[in-house]
Amino acid sequence: MKPPVYVTSPLLPPLEEFIPYLEELWQNKILTNSGKFHQQLEKELADYLGVKHVCLFSNGTLALLTALQTLRITGEVITTAYSFVATSHSLLWNGLTPVFADIDPVTFNIDPSKIEELITPRTSAILPVHCYGTPADSARIQKIADTYGLKVIYDAAHCFGVKENGTSILNYGDLSVLSFHATKVFNTFEGGAIICHDAKTKQRIDYLKNFGFADETVVMAPGINAKMNEVQAAMGLLQLKYIDSALAERAEIYNNYIALLTASLPELSFIKQPENVTWNYAYFPVLIHGNDSFTRDDVYNALRENGIYARRYFYPLISEFPMYRHMETAKPEHLPVAWDVSRAILCLPIYPGLALAEQQNIIDIIAQVVARGEQASFPAPLVVNG
Ligand SMILES: *Cc1c(COP(=O)(O)O)cnc(C)c1O
């Protein structure tokens with residue numbers, strides 16, 4: 001039996017190149033608390049990403065929690081239910097109330113025209129996601145934030161290296177949060193970062209991620225322990241040497257999918273990469289609306305039976321989970337676009353090393369399910385979205 005194919009596979013540089021970092025650690029015995037690798041990675045990432053300041057974290061979720069603490073966000077926060085559950089969980093952990101706005105049907109990002117009607121005297125921030133690395137409509141979001149005096153924190157977990165008009169989208173808003181989890185484009189096993197735009201904010205974040213210590217005897221806030229350790233940082237430094245080739249390979253795999261889908265399933269249409277955006281090709285989402293004879297889950301199950309583990313990112317919606325579903329804005333009729341997309345979405349495997357023959361196999365399996373469905377019905381609407 002061939003090994004299973006997962007939706008992603010971690011970027012792992014050659015092991016022998018990791019050993020010298022470990023040898024250095026064993027020598028200098030500084031394992032965490034802003035050691036040499038941590039400091040070096042913050043600098044190299046700021047240069048690579050094109051941002052002012054990077055604050056490294058042990059994972060992206062703690063970075064989200066701390067971003068909200070940094071700006072002293074209170075009351076209600078307008079966000080999206082079409083995301084990974086950590087986006088809203090970070091609000092609950094801060095005692096905040098998520099208020100869900102529906103998404104745009106093209107970008108799958110929060111729909112700016114749905115934000116204003118949700119603002120109340122308790123609203124203090126907007127927490128959008130750049131879903132699949134497609135930039136949210138930051139100009140409109142910022143205009144609303146400026147008008148109503150709200151903070152903007154971006155969940156940019158999908159956005160490593162993404163640029164709009166040649167500039168990093170991590171420069172938008174007050175703060176942006178990255179994830180370096182093993183499943184992401186760039187990984188430090190687990191890891192994350194807050195991107196901020198000035199030195200004072202960086203200092204506050206650095207205190208908050210280290211229990212609130214400002215110096216040996218002064219604690220300025222009930223901070224948390226969310227420090228990235230030196231092994232994680234070393235992984236990041238090594239990985240940076242391979243990230244450009246990994247991103248180039250992802251682009252090639254992405255384009256292969258487009259070509260294969262165009263050849264095998266010509267009735268489908270797909271949205272092209274926006275001209276002014278440099279993507280990272282982190283995901284390959286397909287919309288499979290199905291018809292009376294087959295569903296998205298038939299495709300999902302057919303792939304599984306063949307050892308291919310595509311993922312339904314994002315299904316169910318965050319608003320369907322028990323700690324959210326009682327909320328007024330969690331009702332399906334309030335989020336019709338997100339609801340429909342979550343019922344049709346399927347993310348196909350994409351990662352450096354995925355063979356063209358495997359991509360062909362994946363498309364063939366999908367085409368078979370669609371063909372079976374078509375025998376009883378008219379062509380299935382199938383849309384690929386980036
Ligand atoms: C991965 C992810 C997170 C959580 O990051 P971790 O590093 O796994 O804690 C948060 N939000 C989104 C949208 C993600 O995809």
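## Cis peptide bonds

Pro316 sits in the loop between S14 and H10. Strands here are DSSP runs of E, at least two residues; helices are runs of H or I, at least four; both are numbered from the N terminus. A cis peptide bond links Tyr315 to Pro316, with omega about -5°. Phe314 lies in the loop between strand S14 (308-309) and helix H10 (336-344). Tyr313 and Phe314 are also joined by a cis bond, omega about 10°.

This is a predicted model: local features need pLDDT of at least 70, side-chain atom pairs count only at pLDDT 80 or more, and totals for chains, interfaces and linings use all residues. Residues are numbered from 1 along each chain as its sequence is written, and side-chain values use heavy atoms, without hydrogens and water.

## Positive phi

Most residues other than glycine have a negative phi. Tyr132 has phi near 55°. Tyr132 is in the loop between strand S5 (123-127) and helix H5 (138-148). Its relative accessibility is 4%, so Tyr132 is buried (under 20% relative accessible area; exposed is over 50%, partly exposed in between; 1.4 Å probe, protein chains only).

Asn165 has phi near 50°. Asn165 is in the loop between strands S7 (163-164) and S8 (167-168). Asn165 is exposed, at 58% relative accessible area.

## Nonpolar cores

A nonpolar core is a set of buried Ala, Val, Leu, Ile, Met, Phe, Trp, Tyr and Cys residues joined through side-chain atoms within 4.5 Å. The largest has 109 residues; Leu45, Tyr82, Leu303 and Leu348 have the most contacts inside it. Helix H8 (residues 243-264) gives the largest share, 10 residues.
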